[in-house]
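Here are some friendly notes to read alongside the structure. Please keep the model open and follow the points in order.

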Amino acid sequence: MNNVEYKRKSRFVVIVVVIIFLFFSAFIYYQSLFQPVTTKSDVAEKIIYIPNGYSTSQIAKLLKENNLIRNERFFIWRAKVLGADGKLQAGKYLLSPNMTTDQIIKKIFAGKAQIDTVKVTIPEGYTLKDIATKLSRLGLVNKDKFLEIAQNDTFDYDFLKDVPKDRPNRLEGYLFPDTYFIPVNADEKEIINIMLKRFQEVYNSTIKNNAKNVGMTPDQIVIIASIVEKEAAIDSDRPMIAGVIYNRLKKNMKLQLCPTVVYALGIHKDVLSYKDLQVDSPYNTYQHYGLPIGPICNPGLKSIEAALFPTKHDFYYYVAKKDGSHIFSITYEENLKAQKEIEAIENNNTK
């Protein structure tokens with residue numbers, strides 16, 4: 001075989017390889033279009049409103065903008081294949097990135113999955129901003145508008161009368177963690193009121209007549225409960241930690257609690273630096289005596305009960321173990337010893 005023939009054959013082989021590669025790449029891409037945008041199980045569902053008169057291409061664009069489909073043209077083609085082109089029905093739908101394009105088309109085509117309410121669970125310890133973010137991702141609120149209304153609008157509840165209107169994140173602590181069925185047509189203020197009304201129930205049944213027994217205002221109870229919520233991982237530790245807070249307050253000691261610093265920083269950090277502890281904020285209990293000026297999260301019922309009924313003991317310190325439980329100490333020296341014991345155990349476990 002001469003050089004010319006060899007080069008031609010080599011070029012032919014290269015061309016064939018490229019064609020095969022492109023064919024398989026196109027085939028794999030085509031197959032991927034049938035798959036959901038994500039397979040993660042914890043991805044948030046979204047409320048999608050399809051107005052009357054929307055064409056298939058307009059619906060495809062809306063879904064793509066909300067990251068619910070992979071490709072607009074593929075959606076339009078599949079709608080035609082499934083006999084749904086021009087027959088997709090207007091309304092509000094709860095859709096998930098876990099759904100395939102075909103599943104989404106069939107749901108909108110059937111028109112029977114329109115929703116009136118959305119089930120939303122707000123976990124204990126969520127901050128006001130966490131709640132706004134979750135509701136925004138669900139398509140229920142505009143995050144900035146939600147936070148602006150929470151700060152500046154008027155809410156007529158007994159438990160808010162002593163809360164300063166100019167306090168940062170004014171409703172922090174009062175959007176009670178629970179599972180709600182929120183009407184899809186509710187606006188930001190209506191949703192806030194749904195949560196405040198739930199807190200009103202807890203206030204009437206638990207806080208109102210018990211706060212004075214520990215010498216605290218209802219607002220101070222919520223502040224203490226919010227700290228307990230962030231500090232405790234085990235329910236049995238909640239009243240113990242509350243007891244430490246009360247003991248420190250009575251002795252006029254700085255609380256020096258890390259979650260208050262994290263809240264002051266506005267970002268989550270697992271380990272705080274010395275510089276972090278110096279942050280200038282009325283929430284920073286390393287720099288200021290007494291309680292922070294407001295709650296640092298929205299506490300659940302168990303943390304509220306711990307703040308109302310703290311365990312009476314002589315402890316002023318505690319340190320967390322790896323399993324989330326705490327060792328409680330009377331003196332600083334005992335607390336240092338407990339820290340070293342925990343560090344030694346952890347070091348041995350990593351060897």
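1. Asn252 sits in the loop that runs between helix 9 (238-250) and helix 10 (258-265). Helices here are DSSP runs of H or I with at least four residues, strands are runs of E with at least two, and both are numbered from the N terminus. The phi of Asn252 is near 60°, a positive value in a residue other than glycine. Most residues other than glycine have a negative phi. Asn252 counts as exposed because its relative accessibility is 55%; exposed means over 50% relative accessible area, buried under 20%, and partly exposed in between, with a 1.4 Å probe and protein chains only.

2. A word on the source before going further. This is a predicted model, in which local features need pLDDT of at least 70 and side-chain atom pairs count only at pLDDT 80 or more, while totals for chains, interfaces and linings use all residues. Residues are numbered from 1 along each chain as its sequence is written, and side-chain values use heavy atoms, with hydrogens and water left out.

3. Asn67 also has a positive phi, near 55°. Its place is the loop between helix 2 (56-65) and helix 3 (72-81). With 42% relative accessibility, Asn67 counts as partly exposed.

4. Now the whole chain. The protein chain has 13 helices and six strands, and 44% of its 351 residues are buried. Of the contacts between residues at least 6 apart in sequence, 62% join residues at least 24 apart, where contact means heavy atoms within 4.5 Å.

5. Which residues have the most contacts inside the largest nonpolar core? They are Leu135, Leu140, Phe146 and Leu196, in a core of 66 residues. Such a core is a set of buried Ala, Val, Leu, Ile, Met, Phe, Trp, Tyr and Cys residues joined through side-chain atoms within 4.5 Å. Elements that each supply at least two residues of this core include strand 3 (117-121), helix 5, helix 6 and strand 4 (179-183). Helix 7 gives the most, with eight residues. A second, separate core has 18 residues, among them Leu63, Leu68, Leu88 and Ile104.

6. Leaving aside neighbours within four places in sequence, Phe146 is in contact with residues including Leu128, Ile131, Leu135, Leu175 and Ile191. At the start of helix 6, a side-chain oxygen of Asn142 comes to within 3.2 Å of the backbone nitrogen of Asp144.

7. Next, the rings. The structure holds ten aromatic pairs; rings of Phe, Tyr and Trp (its six-membered ring) pair if their centres lie within 6.5 Å, and planes under 30 degrees apart count as stacked, over 60 as edge-to-face and the rest as tilted. Phe159 and Tyr174 are stacked, at 5.5 Å centre to centre with 10° between the planes. Both lie in the loop between helix 6 and strand 4, so the pair ties together parts 15 residues apart in sequence. Phe159 and Tyr174 are buried. Ring pairs also link Tyr157, Phe159, Tyr174, Phe199 and Tyr203 into a cluster.

8. Strand 5 (residues 317-320) and strand 6 (residues 326-329) run antiparallel and are joined by four bridges; strands pair if DSSP finds at least two bridges between them. Tyr317 stands opposite Ser329 in strand 6. The hairpin has five residues between its strands, and Gly324 takes a positive phi near 95° in it.

9. Finally, helix 13. Asn335 lies in helix 13 and counts as buried because its relative accessibility is 6%. Not counting residues up to four places away in sequence, Asn335 touches Tyr317, Tyr318, Val319 and Ser329. Glu333 is also in helix 13 (residues 332-350), but it counts as exposed, at 56% relative accessibility. The C-alpha atoms of Glu333 and Tyr317 are separated by 9.9 Å.

Notes
A polar contact is a pair of N or O atoms within 3.5 Å; within protein, one must be able to donate a hydrogen and the other to accept it, and residues adjacent in sequence count only if both atoms are side-chain atoms.
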